[in-house]
Amino acid sequence: MAATEILNRVEIAKAPQVRTAPQAEKPSLIGLLREHMAKALVEKGIPERQVKMRVSQLWHWLYVRGVSDFDHMTNVSKDMREMLKQHFTIARPEIVEEQISGDGTRKWLLRFPARGAGRPVEIETVYIPEEGRGTLCISSQVGCTLTCSFCHTGTQKLVRNLTAEEILAQLLLARDRLGDFPERDTPQGAIVPAEGRKITNIVMMGMGEPLYNFEQVKTALLIASDGEGLSLSKRRITLSTSGIVPEIYRTGEEIGVMLAISLHAVRDDLRDMLVPINKKYPLKELMDACRAYPGLSNARRITFEYVMLKDVNDSLEDAKQLVKLLKGVPAKINLIPFNPWPGTNYQCSDWEHIEKFADFINQAGYASPIRTPRGRDILAACGQLKSESERMRKVDRLAFEAMMIANHGED
């Protein structure tokens, strides 16, 4: 392949670092619910009578305008801005690498600073443009604990959970890079049109199992769906889980976003192998939780993700059992052609076989679109996300803690 063809297929951009070590040590205002932001401001001397107004100002600048520099908050007094700069940060994470696929998919490798005695960590976020919509795939953990046998992300051990700030930062940074925030000189109170936004949908389908980081994911999604800020409809936010049954109930009650289930098998013995969490929460318990999910209707369906693995789960009998399993659940089945990754033993089902599987499900009354593989050339497709962050060895962690204690209080 000619060099020019390679450049046309995948563009790799190195971005300048935007986060410095001193900033990383300050708490961020991003990812705080209003009441927690108010408390943080009062602790820094903002009078109680002003705090509601100040929170409203900050909320607007952070989530409507998308600023990442306190100096751009032009209707906030200079003294207030100086106080904010001294005590807080709103900086974006560092972009280590940006890759652009030939199909327009973008993948960012983002680096977050150390937390406590850890090292800086890296995660991947993917933007998928489609006609009439754009979807951002957001990570919730660094690595994953689930070890699903067909998933590349599952080969990376869990390093740590992401904070609400780090989850939201992926959305804010993507909007920055795509020019998806209004201009800074847009008057406060002006109607900012929702139409024409490049990011119309977000899915918690990146690295990690969101429901093993429930509280941080909940906070981030409540902020993302706040009507006075990022203002994403809860119907345009989808949380994907491998089946953490107790938290599925909580998701419906406390967050209220759309639900997707990484199903991939219709028998417990096979799903135990493909999705090992099934050993703890088998199919009957999972389906009971799905049937109880609030607000289900033909207009508000659960999406079941089903990766097509050749000679593993793609027989006509599997299709028949899938229809039987989903009986009584308003559902859509996303059939996902398996995305190969280095070292895997699985193969993708033949395309003709996938179409026959889909036809059977369609005839049974379920929508079963075949997901078009996106971003394969930059390993951005479903199940391919992985970063190089590794869990810190105990001896390294103890040495790092000792260094942190020794340097405590230094400038």
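# Briefing on a predicted single-chain model

Met37 counts as buried, because its relative accessibility is 0%, under the 20% limit for buried residues. This residue belongs to a predicted model. The chain has 411 residues, of which 52% count as buried, and contains 13 helices and twelve strands.

**The chain as a whole**

**Surroundings of Met37**

- Met37 is located in helix 3, which covers residues 34-43.
- Leaving out residues up to four places away in sequence, Met37 touches Leu29, Leu32, Val55, Leu58, Trp59 and Leu62.

**The largest nonpolar core**

- In soluble globular proteins, nonpolar side chains tend to be buried together.
- The largest nonpolar core of this model comprises 106 residues, and Ile202 and Phe304 have the most contacts inside it.
- Helix 6 (residues 164-178) supplies the largest share of this core, with nine residues.
- When residues up to four places away in sequence are not counted, Phe304 touches Ile261, Leu263, Met287, Cys290, Leu326, Val329, Ala331, Lys332, Ile333 and Asn334.

**Packing of helix 8 and helix 10**

- Two packed helices are described by the angle between their axes and the distance between the axes.
- Helix 8 (residues 245-255) packs with helix 10 (residues 283-291) at an angle of about 5 degrees, and their axes are 9 Å apart.
- Angles under 35 degrees count as roughly parallel, and helix 8 and helix 10 are therefore roughly parallel to each other.
- Helix 8 takes part in the contact through Val245, Ile248 and Tyr249, and helix 10 through Glu285, Leu286, Asp288 and Ala289.
- Of the residues in this contact of helix 8 with helix 10, five are nonpolar and two are charged, while none is polar.

- Gln141 lies in strand 6, formed by residues 141-142.
- Gln141 counts as buried because its relative accessible area is 1%, under the 20% limit.
- The side chain of Gln141 makes a polar contact with the side chain of Asn161, at 2.8 Å.
- Apart from neighbours within four places in sequence, Gln141 is in contact with Ile123, Leu158, Arg160, Asn161, Leu162, Met207, Gly208, Glu209, Tyr212 and Asn213.

**Residues with positive phi**

- His264 is not a glycine, although its phi is positive, at about 70 degrees.
- The loop between strand 10 (258-262) and helix 9 (268-274) holds His264.
- With a relative accessible area of 4%, His264 is buried.
- Asp311, also a residue other than glycine, has a positive phi near 60 degrees.
- Asp311 is placed in the loop between strand 11 (302-308) and helix 11 (316-325).
- Asp311 counts as exposed because its relative accessibility is 69%, over the 50% limit for exposed residues.
- In summary, His264 is buried, whereas Asp311 is exposed.

Key
Residues numbered from 1 in each chain as written. Predicted model: local features only at pLDDT ≥ 70, side-chain atom pairs only at ≥ 80, totals over all residues. Heavy atoms only, no water. Helix = DSSP H or I, 4+ residues; strand = E, 2+ residues; numbered from the N terminus. Buried < 20%, exposed > 50% of the residue type's maximum accessible area, 1.4 Å probe, protein only. Polar contact = N/O pair within 3.5 Å; in protein donor to acceptor, adjacent residues only side chain to side chain. Contact = heavy atoms within 4.5 Å. Core = buried A, V, L, I, M, F, W, Y, C linked by side-chain atoms within 4.5 Å. Axes fitted to C-alpha atoms, helices over the stretch in contact; angles between N-to-C directions. Parallel < 35°, antiparallel > 145°, perpendicular 65-115°, else oblique. Nonpolar A, V, L, I, M, F, W, Y, C, P; charged D, E, K, R; others polar.
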